[in-house]
Amino acid sequence: MTSFYQSDENSFAESCDCKNNISESMTSMSNSNMSTHKRVEKRYDDIIKSQNDDRLYRGLVLANKMKVLLISDPTTDKSAVAMDVNTEIKYVTGYMCDPDDLPGLAHFCEHMLFLGTKKYPLQNAYNIYLSQNGGASNASTHLDHTTYYFDITPGKLEGALDRFAQFFIAPLFTENLTELELNAINSEHEKNLANDTWRFDQLDKSSASPDHPYSKFGTGNRETLDIIPKQKNINVRNRLLEFHEKYYSANIMSLCVLGKESLDELENMVVDLFCEVRNKEIEVPTWPEHPFKDEHFRTIWYIVPIKDTRNLDLSFPIPDMQQHYRSSPAHYVSHLLGHEGEGSLLSALKARGWCNSLISGRRLGARGFSFFSVVVDLTEEGIKHIEDIVQLMFQYINMLKLKGPIEWIYDEYRDIANMNFRFKEKSSPRNYVSSMVQAIQEYPMNDVLCAEHVFTEWRPDLIEQIMEYLTPKNIRIHVVAKAYESIANETESWYGTKYKKEKISKKMLDMWHLAGYSTDLKLPPKNEFIATTFDIKPQTKVEKFPIILEDTSFVRLWYKKDDEFLVPRARMIFDFVSPYAYMDPLSCNLTHMFVQLFRDSLNEYAYAADLAGLQWELTNSKYGITLAIGGYDDKQRVLLEKIMDRMINFKIDPKRFEILKENYIRCLKNFAAEQPYQHAAYYLVVLLAEQVWLKDELLESTTYLNVDRLQQFIPQLLSKVHVECLIHGNVTITEATDVLKLIESKLTTAVPNIVPLLQRHLLLYREIKLDDGSHFLFEAENKLHKSSCAMVYHPTGLQSTESNMLLELLAQIIAEPCFNTLRTKEQLGYIVFSGIRKTSGAQGLRIIVQSDKHPQYVEKRIDSFLDSMLEHISTMPEDQFEEHKKALAALRLEKPKMLSARCTLYWNEIVSQQYNFDRENIEVAYLKTITQQQLLNFYKENIHSKARHKLSVHVISTESSTEKNWVNHTTEEIADSSSEEAVKKIDDIMSFKNSQALYPLLKPFKKYFLRKGIRCSKL
């Protein structure tokens, strides 16, 4: 992979010492803004944007030094706002500024800002306003900054913005809520205790110089924020007030606001609300010292994971190159070290059987320092060759140093980046503002939109500077494997990660220093997949929804010419339906192995296409395998033909088979280490799906997986197949029809004895229908996590326009009070979720709580909450009820921002065999007619009546400290949770499923769209 943590690469803070030296164009005050001119210090109206971007932008620096980016988009169906507090100064609001005696204080502060302000003191005033107006919010605390963001129905932006601004002006930090929210902080930490990502990240930080802020523990827990402070007579609430007063300063804040309003209107709104945020004039020095000193390098760490994973992380210190964003020298190095094509480091490692994947690139640090990492997974053989893998990496680095920076390689990825920026599509407003708000801190205002997307300077000197740091004397090695349990002799204090640390021998360092070169390693060839044609293809009549162009016994082709996004992109999806794919656990495993081996075999060839913005994926499901190709349409046919030729002539590499089989077995076993709420969701599927193979059944059948059986299975899988296709985008009818002919001819000529499927082979699986008035309980254990989970599911029947809208409106109304009651007030756990589950034509209301309390008690609290909703709905003022309807309508009518997202909506209708392509408008039209009494009747019938259906799933922690916890303080709670209601405990899954009926299959929404397989003649 070309970059490490690519999505985060530029989202975390790094300094730019020369920012003030970069010329920034600034417009003079316009007459229309004279009213705000005394409160606006600078205004920027010529921000560089994509040719495909029709929004208007303006940058501001307010009189209090707050940086602001305004985005006017009259077509938006959501307004969104984000605030980032400090990515560029010494006194940051990320957790690196936590006081030494209160680890986690910055994170705690982030939580508390949501729970009441002087102007809006109600603890959930902000969330109520957002919920009633189609909005949502979140926040995150990082090393050196904290980001807050929300979205909302456009007409309600100003009210939400006012409530949001108070976070930074006058939060309350109410004493009783401070005590309560400590539980959420602790629950969040406990959720991560058995998560390897968090464990390894903290181990890396804890191993840094103890006097460097990087080494801190950022999440916080009950010990750091409650127990120890009380022992030391520290008043945590007072320290929170001091922290906010000291560090939440306007001059280290950046704000991004996107709305329907004009730029002038947005400016007036922002200036009126945010000029009240005080500027405390905090200084702006950097962290010039790296968190790792010389004694920390040339070390190897043997680390024991929770899951059975194996990987190798090779890390080097590199200087902060933020001021050189226009050339981004680290990208050149990661582009080559992370390449996956022929001659790459990954290809050489795979050929030796040592690894399957590689990620390379700049890894997030904080402003003033950075890292460069190469991370590979390890096979069973690979873990025996750690030194050889490192040797091979240094041989590749030596080759790069010998050849020096090569300009055509830079030109190539620069041109691809320019192409991607030129045709950049919109993203969701909330995601967009939360990414932009960080860019405002890092880049000159005129470059905030393009800085992370284009490369405008060729700087071979900086590339060479980066390369000089990639030497044996600067290496830190982390090797992760269960195999190290027997040698681990130290334990990290916060997460309990076991490890052993050693200095790398001089002999090994000398060997790497003299690594030389390998003839297996070469620079990549020129990329033949880069698009050269970008014309939008004309079509006289464009149908509003997908139409069927062809329908034969083997294939059915749906087609939709894009007339919405007008970009030179397309998406082609092919669903190869075969009854052999999921017949039994073994066939499911064989299908999975075919998909994995096929993807693996084509990776070296198709990697260039991926770099050029042309992606492909192959996945397996209960119904068969699905191939999807998306991106620039220019070279899609070339890639498709290569994929089809490889598919029908596929030969298994026995060596790769054994490696990927072992990988798959570990993956099945590692499910045991997933979060309790994930286990609850899995068991719900197992209990209600007509056909599903358990992970244990799949694991048992891996015994019968071998090369010969798989080689025989592949032609069998393809010999009985029906292909459902959707082609959507910048493609003509002729091109789409030609693609269909290609697929059909490849299958019918190359697959021996191929026969079409019968109609019954194309029927969808159905959902279990619980007996009327029944309440079933399924219990399972989780041995690794301290938390347990209670899931309550109330099925409401088959999907229909009426039931869909009633259920969605119910979920909309109860979402905020559910979170406020079970999470904020009762503090049952960090993970509290309420929402809709839709599958196989059926649906229902689901509530999930992951908690350190026993699931029996938690379920009782969920039931109590649901009981309270009866009065909540029946006594709700009519205007509030109508606001909820409007909020839901706005959510449902929100348009996809990208062609691929629109295509997904079309495809979901096709694979569900519903074909309701105008679902949003049809269902919202019905939503507008729903009365409060209608909803109340629906609630009573499905949630609050004797005939209602209920299925509970309890995942109970058996982790040793938790079992003691049950004994200590939940016996009484569990006793209190007993009920007169007859609960049928599920002891045997198969017996339970056999005792229940099945829902019928949903009929297609449009009668003239028959189920696939019924109509089998050319149109």
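Before you click anything, here is a term for the first stop: two strands pair if DSSP finds at least two bridges between them. Strands (E, at least two residues) and helices (H or I, at least four) are DSSP runs, numbered from the N terminus. Residues are numbered from 1 along each chain as its sequence is written, and side-chain values use heavy atoms, with hydrogens and water left out. What you are looking at is a predicted model, where local features need pLDDT of at least 70 and side-chain atom pairs count only at pLDDT 80 or more, while totals for chains, interfaces and linings use all residues.

**Stop 1: a sheet of 7 strands**

Colour the strands β1 to β7. These 7 strands make an open sheet with mixed pairing, in the order β1-β2-β3-β7-β4-β6-β5. Which strands stand at the edges? They are β1 (40–44) and β5 (136–141); each has a single partner strand, so one side of each has no neighbour in the sheet. On average, neighbouring strands here are turned by 15° against each other, direction ignored. (Axes are lines fitted to C-alpha atoms, for helices over the stretch in contact, and angles run from 0 to 180 degrees between N-to-C directions.)

Now pick β2 (residues 56–62) and β3 (residues 67–72): they run antiparallel and are joined by 6 bridges. Click L60 and look across to β3, where its bridge partner is V68. Contact means heavy atoms within 4.5 Å.

**Stop 2: the largest cavity**

Select L113, F114, G116, T117, Y120, L122, Q123, A125, Y126, R163 and F167, which line the largest cavity. A cavity is a set of points on a 1 Å grid over the protein atoms alone where a 1.4 Å probe fits but cannot get out, and lining residues have an atom within 4 Å of a point. About 60 Å³ of space lies inside, a volume being the space filled by probe spheres set on the points, which are joined across faces, edges and corners. The whole structure has 3 cavities of 30 Å³ or more.

**Stop 3: a sheet of 6 strands**

Move on to β15 to β20. An open sheet of 6 strands with mixed pairing runs in the order β15-β16-β20-β17-β19-β18. At its edges are β15 (547–551) and β18 (614–620), each with a single partner strand, so one side of each is left without a neighbour in the sheet.

Highlight β17 (residues 569–577) and β19 (residues 624–632), an antiparallel pair with 9 bridges. F576 has I625 of β19 as its bridge partner. Helix α22 (residues 733–750) packs on this sheet and touches β15, β16 (555–561), β17 and β20 (722–729). Show α16 as well: this helix lies across β18 and β19, at about 175° to β18.

**Stop 4**

Among the residues making the contact are L590 and F594 of α16 and F713 of α21.

Last, select α23 (residues 801–825) and α28 (residues 932–942), whose axes come within 10 Å and cross at roughly 90°. The contact includes L806 and L810 of α23 and F938 of α28.

Conventions:
1 Å grid on protein atoms, 1.4 Å probe; cavity = no way out; pocket = protein on both sides within 12 Å on 5 of 7 lines; lining within 4 Å.
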